[in-house]
Amino acid sequence: MEKKRNDHTAINDLSLVQYLHELGIEPVATRPGELDYRSPFTDDSSAIMTVYHDSNSFEDIGSGLKGSLCDFACHLFGCSPEELCGDIARYRLCAVGRHSAALD
C-alpha cells in the first residue's frame, strides 16, 4: 500500500504551468522549454517571470524570487507551505490536481 503524500513536496509534482493557467495567468512569450509571464510579484508591467518546463520551477528576475510551485503559491498568497497544504481548495491546487495522483 502506497503511503499518502500530504506534505508540500507532493504539491511540487503538479504542473506550475497548469496552475498558472488555473489562476488565469497566461504566458506572454514562449521558447523551447520555457514560458514567460508578466511578474505577479511586482507592479512593473515589463517585469518577467520565467517558468522552466524541465524543472517545473520559476524565476522572477525583478523580485529575485525563484523556486517550485509550492514556493510560487506561498509567495503569491503570503502563506506558509503548511497553510497551502491545509487548504488546497482555497489556493486552487485541487483544480490542478483533479486528474493527478500527486495529492491522493
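Trainee: Which residue stands opposite leucine 65 in S5?

Mentor: That's aspartate 60. Before we go on, this is a predicted model, where local features need pLDDT of at least 70, side-chain atom pairs count only at pLDDT 80 or more, and totals for chains, interfaces and linings use all residues. Residues are numbered from 1 along each chain as its sequence is written, and side-chain values use heavy atoms, with hydrogens and water left out.

Trainee: What makes S4 and S5 a pair?

Mentor: DSSP has to find at least two bridges between two strands. S4 (residues 57-60) and S5 have three bridges, in the antiparallel sense, so they pass that test. By the way, a strand is a DSSP run of E with at least two residues, while a helix is a run of H or I with at least four, and both are numbered from the N terminus.

Trainee: Why is one side of S1 and of S5 left without a neighbour in the sheet?

Mentor: The five strands form an open sheet in the order S1-S2-S3-S4-S5, with antiparallel pairing. S1 (29-31) and S5 (65-67) sit at its edges with a single partner strand each, so one side of each has no neighbour there.

Trainee: Why is serine 39 called buried?

Mentor: Buried means under 20% relative accessible area, exposed means over 50%, and partly exposed is in between (1.4 Å probe, protein chains only). Serine 39 has 8%, so it counts as buried. You'll find it in the loop between S2 (34-38) and S3.

Trainee: And what makes arginine 31 partly exposed?

Mentor: Its relative accessible area is 37%, so it lands in the middle class. Arginine 31 belongs to strand S1.

Trainee: Which residues is serine 39 in contact with, leaving aside its neighbours within four places in sequence?

Mentor: Ala47, Ile48, Met49 and Asp60. Contact here means heavy atoms within 4.5 Å. And Asp60 is your opening residue, the one opposite leucine 65.
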